[in-house]
Every structure is written in C-alpha cells, then in structure tokens.
Amino acid sequence: MSTLATPTAAGTGTQDHQLHHPHTLSTLDFQGASSAAAASAMRTELNRLISQVKDEQERKAFQHEMGNFFLLFTRWLGERSKGTKINWDKVNSPPDDQVVPYDSIPRVESSPYLNKLAVLKLNGGLGTTMGCVGPKSAIEVRDGMTFLDLSVRQIEYLNKAKNVNVPFILMNSFNTDDETKRIVQKYATHNIDILTFNQSRYPRVNKDSLLPVPRNPVGDLADWYPPGHGDLFDSLNNSGLLDKLIDEGKEYLFVSNVDNLGATVDESILNHMVESGAEFLMEVTDKTRADIKGGTLIDYEGSIRLLEIAQVPSAHVEDFKSIKKFKIFNTNNLWVNLKAIKRVVEENELSLEVIVNDKTTEKGEKVIQLETAVGAGIKHFHNAHGVNVPRSRFLPVKSTSDLFLVTSDLYALNHGELAFNPKRMFNTVPLIKLGDHFKKVNNFLARFRNPPHILELDHLTVTGDVSFGSDVVLKGTVIIVANAGSHIDIPSGSILENKVVSGNLHILDH
C-alpha cells in the first residue's frame, strides 16, 4: 500500500512503497511535542485517504498531491511551534533599483520575443460573491461578453495582428474545471490555442483537531479547497504543460487574474524583461485608500519580498496600511521565465510563505486553509524586480461596484481591451459604493435601464431600493438613499450633479 513517510527526529522514515517526495522532512525542526503529534496524526489520516483510491494511476496522483499538502502542513506546524514571524525592524521600502518606473522602460511597437510568450489566467474562483453560479470568468461584464470572451478576443487579435502564436492557458480549480472546459469549446474555430490544467485540491483542516475534514478521497466538495495561486509553479510542472511549452520554444509566461480587465499583453514590459535579464517581474501600481490591504513589495535583509497583510504582526497592521511607507501594491500581473520555473521546482527551491485562511463551513465547523501566493515566488528568481505601472493595468471586477465602472462610458472596448475615455478630465476613476440591493449581478442589471453617463462623476453612493431610467447623467458627488420601505426611481434623462436624493421618489415615464 502507498503511504506517506513519517517525520522522525532524525529525518524522514522510509519503508517500501512510501512516498519518496523530492522535498525532505528532515529540514523540519519539530520543536514542540504537539506539533510532532499533529504531523503524525495528519500523516495517518492522509494515508487512510490514499488507501481508499483503488485505481493505481489515480492513487499515485492523489498520493503526490497529498504529499505536497503534507509538506505545506508540516512547514506551517514548524513555523507555528517556533513562533516564526516576520521581523518588522527588518522590513523596509524597496530601493529604487528594485522597482522600475514604467515610464523609464523604452516603448516598443512590436517585440521580437512575442512568439516566445504564453499567457496564463488564474481561473480558480467562483462568482458566488457576485451572486453567480459557476466560474467567475463566465460572468458577462461588457457588451454581452464574459471575462473569458474578452481575454480570448485580445489574444486572438494579437496573434492575427502580429502573425504570432501566443497560447492562452487557464489554471482552473476543481470548482471551475468542468464548466470551463465546456465553455471553451465555443472557441474551437478561433485563431487561438487554449490549454487548461488544474491546480491542486487540498483537504480543509479542522481547526481544533488539526485533522483533515474529508473522510474519503472524493467526499463533499466543501471539504476541499484550492490552495491559492502559489500552487501555480508545482501544478504547471506536474501537469506536463511546463515541459510542453518549453519544448515548443516558449520562454516567458504572463500571468494575471482572470477578472483583471487591465491585464493585457504589454510588449514593452516583455522586452524589458528579456533585455534586463529578469526571471520574474511583478507589476505594481500606486496605492490608494481602496488598496490598503493589498500585498506590497518590500526589502527584507537586502532581498526583494512580497508582504501580504496576513503575514503582518497585529501590532504593525496600521503601519502596513500606511500609504506613506508602502506606496505601491501588487496587481498580480506577473512575468516569469519558464525555464526558471522549471529550475526552482526541480531543485526544490520554492518556499512560499504560508497564509492561514480561517473559514467556517455551512455546518458551523471551524476550519483552516493553508494557502500560498504566486507573487511570493519573486524571492526565488534571479534579477527579479517590480515595475510600477499605470493604474489602467489594474482594473479588477470584484464587485458590482467595479462592474458599474467597466460597463460605463468611462471605457471603450477595442478588440477585447478596455480603453480609458480621453474625454474624462481626470485619470482617476470615481469612487462607487453600491448597497446590498445591488450586490448580486442579476439585481444590479435589473436596476439600470442602461449604464448612466459618469464622465464627470467623482463619487456615487447608492443604498436601498433604487432604480435608474435610461440616459441618466451623474456628476460630482451624488448620494442616493432609499430608507427601509421606500423606493426611489431616477427618471430617464435625469442630470444629477452634487445632489443628495433621499425618501420616496417614483416617477412613471409616459
């Protein structure tokens, strides 16, 4: 029977058919008896799960996956028992040579390295926070097109215009894989190679017992979780796709979140990456008050690191949020050398910071998810640095307030890319706060006859039962509040400039 190896005082116990994992548990120093006991109990439970997989090939793949999870779990135990925390006194803003201004990069119309590029979208998330079922990438965001439609259109146009073959890759999770594979069939006749692979599936851990929640290797989907996008490096390699890309002459990978509509292929950044000899570039942009929780680049003992808010000691959280000390944040637009990924994975160099995500299941069970962030890999790559890009390259749609912006006349659509309207006097976007009545996409869409005109809008707050007619113009600061039991209809053709609307208002068109 295949089993996971047992961590021992001297190292890793081995016996016939045990997991011979490329990493070694001998590097882990179990200083607390409770940590050693928790590791042993976890190993026993994982072996029990592995033993239930009857098909040999499936069991081997599942065993490898559980081995990776076990290493993450034991690394977290080791850090926890030692009280390993970041030393705040060693956290500094990155020096100028670690973050390059975008304006200092030479502009190129066409990069000679474009045919060596592949584009990857992180497609593991569901649309549940916006009230949708299925992959978030399947939500319609502009002119009847989904996130996926827009991305495919961009790459297809790039391939045609530049006479290249840039493949489009989706890293799915077990939550999104089946539906995504069904959806991408509609692009079969398009001028684009679409490749997919799955990130890992790890068991949730009961917070009290520190044992895996699932009782069998299939189990309830809610017992498992995708372990964050830091899993990209191992999963890309394990899928065989990394070798396939390298064999086909691809050398560079542009990675971004599928819901970031500003993350388009920038040939000037690609050129800069190659000519600077950087194996890893992270696009960062200037922080605003809306971004205070976003991860930032820091200098830590002379090397560049990604610092996430979850890693910050509680006494220094307000320092982390400071726009004065940390002026930039990670957009998660990343450019990575494919051969360098192969090297760091094969040589077992990856040691991404463990992020503990506390959750409560629908059954009321308190669980933890151990995750990693792909940007944390920056410390493992040669000549890695940040590029401070314009805000236009960070256009995420995390809520219907974001959706309100991207469907408006602030942007025009051009070959799948959103271009900022030059008629807007300011380069910043308005602050939008939509209440609970607008949180789900279907409710949001039902409340607007068509998107309001907002070229001169600075701030919009809408709460309560409010609906908008067609061709409404919003300027300056507009606040609309319908109290409980009240309804407000903004009539078609209304122009609201620096107005507060409250109470009851219901005007019928005739």
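The following exercises, each with a worked solution, concern a predicted model of a protein.

**Exercise 1. Confidence**

State the mean pLDDT of the protein, and identify the residues over which pLDDT stays under 50.

Solution. Begin with the overall value: the mean pLDDT is 90. Next, consider the share of residues that reach 70 or more, which is 93%. Then turn to the local exception: over residues 6-31 pLDDT stays under 50. For this stretch the model has 56 contacts beyond four places in sequence. Where pLDDT is low, the predicted coordinates should not be read in detail.

**Exercise 2. Strand β18 and its partners**

Describe how β18 pairs with β12 and with β2, and find which residues stand opposite N388.

Solution. Take β12 (residues 280-286) first: four bridges join this strand to β18 (residues 385-388), and the two run parallel. Within this pairing, L281 stands opposite H385, and V284 has N388 as its bridge partner. Now take β2: its pairing with β18 is also parallel, over three bridges. Here P101 stands opposite N388. Strands of a sheet pair through backbone hydrogen bonds, either parallel or antiparallel.

**Exercise 3. The setting of N257**

Locate N257, decide whether this residue is buried or exposed, and list its contacts beyond four places in sequence.

Solution. N257 is found in strand β11 (residues 252-257). Its relative accessible area is 16%; since the cut-off for buried is under 20%, N257 is buried. Leaving aside neighbours within four places in sequence, N257 is in contact with K121, L122, H229, T331, N332 and K398.

**Exercise 4. Aromatic pairs**

Give the number of aromatic pairs in the structure, then classify the pairs F320–F326 and F438–F448.

Solution. The structure holds 16 aromatic pairs. One of them joins F320 and F326, with 6.0 Å centre to centre and 45° between the planes, and is tilted. Both residues are buried: F320 has 0% relative accessibility, and F326 has a relative accessible area of 1%.

For F438 and F448, the ring centres are 5.8 Å apart and the planes stand at 50°, so this pair is tilted. F438 lies in the loop between β21 (431-434) and α11 (441-446), whereas F448 lies in the loop between α11 and β22 (457-463), so the pair ties together parts that are ten residues apart in sequence. Both F438 and F448 are buried. Elsewhere, ring pairs link F69, F73, W76, Y202 and Y225 into a cluster.

**Exercise 5. Charges over rings**

Identify the rings over which the charged ends of R107 and R447 sit.

Solution. The charged end of R107 sits over the ring of Y102, at 4.1 Å from its centre. For R447, the ring is that of F438, and the distance to the centre is 5.5 Å. F438 thus takes part both in the tilted pair with F448 and in this arrangement with R447.

How values were computed:
Residues are numbered from 1 along each chain as its sequence is written. This is a predicted model: local features need pLDDT of at least 70, side-chain atom pairs count only at pLDDT 80 or more; totals for chains, interfaces and linings use all residues. Side-chain values use heavy atoms; hydrogens and water are left out. pLDDT is the predictor's confidence in each residue, from 0 to 100. Contact means heavy atoms within 4.5 Å. Buried means under 20% relative accessible area, exposed over 50%, partly exposed in between (1.4 Å probe, protein chains only). Two strands pair if DSSP finds at least two bridges between them. Rings of Phe, Tyr and Trp (its six-membered ring) pair if their centres lie within 6.5 Å; planes under 30 degrees apart count as stacked, over 60 as edge-to-face and the rest as tilted. A charge sits over a ring if NZ of Lys or CZ of Arg is within 6 Å of the ring centre and within 35 degrees of the ring normal.
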